[in-house]
Amino acid sequence: MCGIAGFHGTPDWDADHRAVLAGMVAAVRHRGPDEQGCFLAPGVGLGHARLSILDLAGGRQPMADEAGDHCVTFNGEIFNYLELQRDLRARGRRVRTGSDTEVILHAYAEYGVRCVEEFNGDFAFALWDKARDRLFIARDRMGVRPVYYTRVGGVLVFASEVKALLRVPGVRAELDPVALDQCFTFWFPLAPRTPYQGISELPPGHYLVSEGGQVTVRPYWQLRFPDAAEHRAGPRADGRAVAEELHDLLVDATRIRLRADVPVGAYLSGGFDSSAVAALVKTFTDRRLCTFSVGFESPEFDETAQQQEVVRSLGTEHASVVCTAASIGAAFPDVIRHAERPVLRTAPAPLFRLSRLVRDSGFKVVLTGEGADEVFGGYDIFKEAKVRRFWARCPNSTSRPRLLRRLYPYLPGIQGQSQAYLEAFFRTGLTNPHDPFFSHRPRWQSTAATKAFFSADLAASLKGYDAVEDLRGQLPADFGRWHPLCRAQYLEACHLLPGYILSSQGDRVGMAHAVEGRFPFLDHRVVEFAARIPPRLRLKGMTEKHILRESVGRYLPPAIARRPKQPYRAPDSQSFFGPAAPEYVAELLGPAAVARGGYFDPAAVAKLVKKCRAGAAVSLRDNMALVGILSVQLLDHLFVRGAAGLAPAA
Amino acid sequence: MLTQEKTTTIEQRVRAFVADNYQFGGTAATLADTESFLGAGLIDSMGVLELVTFVEDTFGVRVADDEVVPANLDSIAGVAALVRRKLPADEGARRAG
């Protein structure tokens, strides 16, 4: 895993080009502390910060081919590189090293931009084709690895993180009002939009070509589901056969993700998904396995008992870090410096601390269960939509909405609610079951309530803008023909997953300590296979991830195999107040700082802070608002105003 | 019966609580007495519990479980009506004042 940076075009920077490129690499050095390298030729610069995982001696980057026709800087892993090496050798290509980086060079020479279709991996790379003076940038299908770009003075500049772009003369960080609206509705900006005006993200499954002064961006892979009619009309799938095929696929997806010349560990949350991945490693390899967990001081969030049960059952060597609210508050500015985007929950902070534990334990790579909920239908929102849809068929029924009681068993606020209020909350959008966003309306409406804190100026600049309508414009043409579960899964897998889970809560907090996450459930073969499985085998009745449990549950202790989904959560507003309150909170949320930023209403924020300080902020909205406001204030402080060395270049 | 003046005072207290704890005096427009808290996005599942606690502490009444329904707690007018119903007339007049 690594950090990449570079440019394409002829800059008119006063500064030395190599020094600018080196500065960009230095900004992402945390992603690759083992080695740094730069390649410069007329009209192109490629930089690399390396975390050595494969072919420790031969995998230096940027890497050029023997003739010097192509040069690549690469962040990530091509897990099927051994198979590709064999294929490429069979085609007469002379593969010199044992690294996956070289495979990209040969595959591009062989297949051109379509080479990405051959790769099974998590990657973001930039490859310079000398003969065509073309820069080719590509990103993996699910959006595990990031890459950002902008144009300045006709020059394309790109990097793994925005902070590297800010080292380029003429690139400045200004927060984008529309992105803020999206973050305070969905939790993320809609790619290619980023929180920063003029800076874009290459969307997952896309590639970019810069050639002849033109930049074009195209998709090469998109998640698609069969029409709902196909599920109904097709032969009735044999659940057992599907489970066995999935089993073999998951074993292989895990096996190729163990390829590394350094030890590979695994995260254990105590839930089904990460336990299943750890169990597959233990069952199908003879590796010693080290596992790592987050624990919480507060029993409301802690899953230590379940983690220990898995550790005992699988016999792993285990280490954990216990998070307190104060430790989350203390880590939060670093988390935002790495995440580079607003977050409305503190959940990335414990994972930031966990990756430090992993790194301190001598590991660079961990397997995790990320993606199973999106791919196999594990989130509660899928059950919620199913109950609401059932209710919508008979909206006057008194028995159907009683199923709402079965949702969110771990949320006392929901469980303590009267039936009348439960129905009132979940009635949002009930009269329009054909709405493409039927599944997500209550969640987005509840999150969007946080926009009441926007300043009058920010609200005025957004007048007439509707983030949900914006998203509607990005939906695939056949979206409306998919089964409702598939539609909801698409929104989670193609938006929340890359926009928040894999970025703020994934790549960024892992790479902050140079730890690479690998996700067997996000192997594109698994994702494509799961999309074709009949929805009733994914969410069977109210049992989430049914087919996954059937497939690999056999390797787990029964209590874990049957355990219902317990979402990963962390203390929110309470992390920033109380006796151990970090000093920056009062500073950044004070009326002067809030007014200076201009994003929020200072009087409203003051009242919210007062409520939080009194320990009275118990609602989801108040907590999301507080964390979101604080994160935006931190972004303004760190990136826009340029504290902590993140100043835009003058 | 409560006088018009006393009734308005109950509503003012509820309005002030809503402004401080749900609206935060931000850019949200002033609520009409009958406007739905849910509809305006001011309240979520825990927000209702806050409102019940406020009513109980401020007006010295107990809100029964079966009274925690939107008809009683989803607008300023609804909350005020609930309070008025639960308070004896003379007690209501005293507390409301």
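1. Two strands count as paired if DSSP finds at least two bridges between them. In this predicted model, strand E1 (residues 2–8) of chain A pairs with E9(A) in the antiparallel sense, over 4 bridges. Within E9(A), A:Phe158 is the bridge partner of A:Gly6.

2. E9(A) also pairs with strand E8 (residues 148–152) of chain A, again antiparallel, over 5 bridges. Here A:Val157 of E9(A) is the bridge partner of A:Thr150. The hairpin of E8(A) and E9(A) has 2 residues between the strands, and A:Gly153 takes a positive phi near 55° in it.

3. Strand E9 covers residues 155–159 of chain A, and 5 of its 5 residues are buried. Both faces are covered: A:Val155, A:Val157 and A:Ala159 lie on one side, with A:Leu156 and A:Phe158 on the other.

4. Turning to the interface, chain B contributes 26 residues to the contact and chain A 27. The area buried between chain B and chain A is about 2100 Å², and carbon and sulfur atoms give 60% of that area.

5. The rule finds 2 salt bridges across the interface of chain B and chain A. In one salt bridge the side chains of B:Glu50 and A:Lys611 meet, at 2.7 Å from N to O.

6. On the side of chain B that touches chain A, helix H1 (4–23), helix H2 (45–59) and helix H3 (70–73) of chain B each supply at least two residues. H2(B) gives the most, with 6 residues. By class, this side of chain B has 13 nonpolar, 8 polar and 5 charged residues.

Terms used: Residues numbered from 1 in each chain as written. Chains lettered and ligands numbered in written order. Predicted model: local features only at pLDDT ≥ 70, side-chain atom pairs only at ≥ 80, totals over all residues. Heavy atoms only, no water. Buried < 20%, exposed > 50% of the residue type's maximum accessible area, 1.4 Å probe, protein only. Contact = heavy atoms within 4.5 Å. Buried area = accessible area lost by both parts, 1.4 Å probe. Salt bridge = Lys/Arg side-chain N within 4 Å of Asp/Glu carboxyl O. Nonpolar A, V, L, I, M, F, W, Y, C, P; charged D, E, K, R; others polar.
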